Number of protein chains: 2
Amino acid sequence: MAGVHPATASRALNPRLPGRISAETTQRVVRAAAELGYVVDPVGRSLRTRRSATIGVLVPDLLNPFYPPVLRGVERGLRSRGFEALIASTDNDVRRESELLEVLRGRRCDGYLIATATRHDATVAELVRSGVPTVLVNRLAGTETPSVRSDDVRGIGDAVRHLRERGHTRIAHIAGPAEISVSATREEAFRAAVSREAAGADPVVVRAEQFTAAAGEAACRHLLRDRTITAILAGNDMIAVGCYAALDRLGLRCPRDVSLVGINDMPLAEWLRPALTTVVLPAEQMGAEAARLIVERIAEPDAPVRDVVLPTRLVVRGSTAAARA
Amino acid sequence: MAGVHPATASRALNPRLPGRISAETTQRVVRAAAELGYVVDPVGRSLRTRRSATIGVLVPDLLNPFYPPVLRGVERGLRSRGFEALIASTDNDVRRESELLEVLRGRRCDGYLIATATRHDATVAELVRSGVPTVLVNRLAGTETPSVRSDDVRGIGDAVRHLRERGHTRIAHIAGPAEISVSATREEAFRAAVSREAAGADPVVVRAEQFTAAAGEAACRHLLRDRTITAILAGNDMIAVGCYAALDRLGLRCPRDVSLVGINDMPLAEWLRPALTTVVLPAEQMGAEAARLIVERIAEPDAPVRDVVLPTRLVVRGSTAAARA
DNA sequence: TTGAAAGCGCTAACAA
DNA sequence: TTGTTAGCGCTTTCAA
C-alpha cells in the first residue's frame, strides 16, 4: 500500500533496525500500517530473529499473597519493554519446578525469572549453567546469577529493636522452611539482631514447615508452651496469621499478652485485627526490578552480574505493644 | 538421525497429523528425538499452523485474593492441554482493559479468557464480534458468549436463610460497584432471598464503590448508622474484611453484635478472626472450566454457546451467630 | 507409508 | 536509502 518493498516497510516500522529509512518513506509506511491496522506478526518475527520477547516466570505459590504484587511489578515491567510473561506456579514442589521449567523452555523464552530457587537447586543450577539469561527473585542460589532481593537484615533489625524498646526481652522467631534461602537469611538476621539489641538474651527459634498460616499456627502453639515469651517475629505474614489463630486458641490476646511482627506487608496485613506490624518488603518494586534486570541481561548477556538489594522498613501497626509487666 | 525426511519425523512426533506412519519408523524417530533432546520449536509450528497455543487472560485485579485461585485453575487447565496463558491485570480500569487486550491480540492468542467484563463492555463486545474464541469468567456481558460462573443465587439464598434461622430480621447487603455484573446478580439474589425467607422485611442495601476492604469499611460505617441491623451480607470477602474494620471502629463486636457473611471464600477467609462465614465460590474450578471451554471452543468454534454454572455452598464459621435479643 | 516441495511472515545480509 | 534474496523450523499438499 505504501509502494515499498516489505523489507523497507519492516525497517520503517522498526526504527532500531540497521538501514536508515527516509523520513518520507517512513511516514508513508506508518500511515499505511495504521490504515490497514497492520501489526507485526510476532511469530514470523520470532522465527527470523530467534527471540520470542517472552520471559518465563516461576513462582512458588500464587496463593501466598506476597507473590501477586511481585507479579504485578513483573508484568508491568516486562510489558512496558515489549515482553510478555509466561507465569507458572510450582506449589512449592521441587519436581514440579523442573517440569514447569521444561515446559517454559519448550516455549523458547528469552529469559527466566525464578522466584522459587531453593538453597541448593539443581534445576536452577542447570538453567544457569546452560547460559540462558536468568534472574532470581527473593531467593538466592549461588552467586553467578543476578538477583533481586530485599534488605531483610535491616528490616529484621528494626523489628527487633522496636520490640526491645517496648520492653520485650523474651523474643522468639518462627522461621520458615529450612530449604528456602530466605528462611536462613532471616533466622540469621534475627539471631544477630537479638544479640546486638538484647545482649545476653537467648534467641528462641522454632521452625514452621511451610510459609502458610496452618504451619505458622502449629509452630506458634508449640512455641507458646513457653509462656515467658512476650513477642514473636514471624518468618512471614502468613505465619503471622497462623500466630493470631494460635493465640486465640490459647486464650492469649495480641498485643496485650504477646506482640507479633510479620514480614512482607502482604495485601491484607493492615486489615487483620489487630492490624499487623510488619517488615515491609517492596514486592511490586522487586518484580519491576527483576523485569528490568532480565531485559538488560538479554540485551547484554556478558555484562557483570548484578545483585539488586531493595530497602525494607518496619511499619508499626496494632499487633505490637509494650511488654506486659 | 533416524534417516527419514523431516516431514516424516514431524508426522511421527505428531500422531494426530494426517498420514499414518509405520510403528517402526515412529519408534526410530521418537528414539532419535529423545536422544537428541529434540523438542518442536513452537515458533516454526505457529508460523505454519497459524496457531500459538496461547490464551490471553484478562483479570480485573491480581491483588483481589479471589483471582489467584482462578488463575491457578486456568493455568493448570490450559497447560495440561498444551496451552500457555498470557495473563494481564487491568486494575479495574476500562481503558487499560482495551489497551491490554490490544497487546494480547498483537501476540496472536488463539483465544481469550475475560474475567473483567463489565455490564456493557464495548471492548469485549468488539472482541466477540470479531469472531475470536472468547470465554467470560465470573462476569457476564451478553448471551452470545460462553461463560463460566457460579450459582450465586443459590449461595446467597443459603446465606440469608442461615441468618434468618438464627433470628436475624434486619439483614443488610453491601453491594459491589454498579458496573460489575455480579454486583447486580448478587443484589437481586439478596432481595429475592429476603422477600422469600423473611417476608415483610425491608431489604437494606448500600453500595461499596469497589470490591476492596477500604470501600467495604466506608460502606459499612455508613450502613451501621442504623443500629437495628444485626446481620450483613457483604458483596464479597474483601468488603467483609472492611466490615470487620468498621465494626471495630464503631466498638461493635462480630458476631455478638453483628453477624457477617462474605462471598468467595478467598484464601485467608478462614484465618480472619472470627473466621468468616462465607459463600464458597469454586474459584479454582471456575478457572479450570474456563480453560476447558476455551480450548473446546478453539477446536470447534461453531459449537453452540455453553454457559457453565458451578455450584456454591455456604460455609459457616465464626462470624455468624444468633441475633442479639 | 514416505518423500519432495512449498510457504507461513518476518528481517539479516548483501547488492544496488 | 532502498531492493533483492534467502531462510528461520515447521507442517501441509501433492506425488510417488
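## About the model

This is a predicted model, in which local features need pLDDT of at least 70, side-chain atom pairs count only at pLDDT 80 or more, and totals for chains, interfaces and linings use all residues. Residues are numbered from 1 along each chain as its sequence is written, while chains are lettered from A and ligands numbered from 1 in the order in which they are written.

## Chain A at a glance

Chain A holds 11 helices and 12 strands. Helices (H or I, at least four residues) and strands (E, at least two) are DSSP runs, numbered from the N terminus. Along its principal axes, the C-alpha trace of chain A spans about 85 × 35 × 30 Å. Of the 325 residues in chain A, 51% are buried. Buried stands for 20 or more other C-beta atoms within 10 Å of a residue's own, exposed for 12 or fewer, and partly exposed for anything in between, with C-beta atoms placed from the backbone. Among contacts in chain A with a separation of 6 or more, 71% join residues 24 or more positions apart.

## How the two chains meet

Chain A can be superposed on chain B by a rotation of 180° with 0.0 Å of shift along its axis, at an RMSD of 0.1 Å. This is the relation of a two-fold axis.

In the interface, 35 residues of chain A are in contact with 35 residues of chain B. On the side of chain A that touches chain B, two or more residues come from each of α3 (42–49), α4 (67–79), β2 (84–89), α5 (94–106) and α10 (237–249) of chain A. The most come from α4(A), with six residues. By class, this side of chain A has 21 nonpolar, five polar and nine charged residues. Here Ala, Val, Leu, Ile, Met, Phe, Trp, Tyr, Cys and Pro count as nonpolar, Asp, Glu, Lys and Arg as charged, and the others, Gly among them, as polar.

## Around the DNA strands

For DNA strand C, 24 residues lie around it, and S10(A), D41(A), G44(A), T8(B) and T25(B) come nearest. A residue is near a strand if its C-beta atom, placed from the backbone, lies within 6 Å of it. Helices α1 and α3 of chain A, together with α1 and α3 of chain B, each supply at least two residues of the surface near DNA strand C. With five residues, α3(A) gives the most to that surface, which has nine nonpolar, 10 polar and five charged residues.

DNA strand D is surrounded by 26 residues, the closest being T8(A), R20(A), A7(B), S10(B) and G44(B). The class count near DNA strand D is 10 nonpolar, 10 polar and six charged.

## Backbone details

The peptide bond from C254(A) to P255(A) is cis, with omega near 5°, and P255(A) sits in the loop between α10 and β9 (259–264) of chain A. In chain B, a cis peptide bond joins R273(B) and P274(B), with omega about -5°.

D91(A) is not a glycine, yet has a positive phi of about 55°. D91(A) lies in the loop between β2 and α5 of chain A and counts as partly exposed, because 16 C-beta neighbours lie inside 10 Å. D265(A), also not a glycine, has a positive phi of about 55°; with 26 C-beta neighbours inside 10 Å, D265(A) counts as buried.

Conventions:
Two residues are in contact if their C-beta atoms, placed from the backbone, lie within 7 Å. Copies are superposed by least squares on the C-alpha atoms of residues with pLDDT of at least 70 in both.
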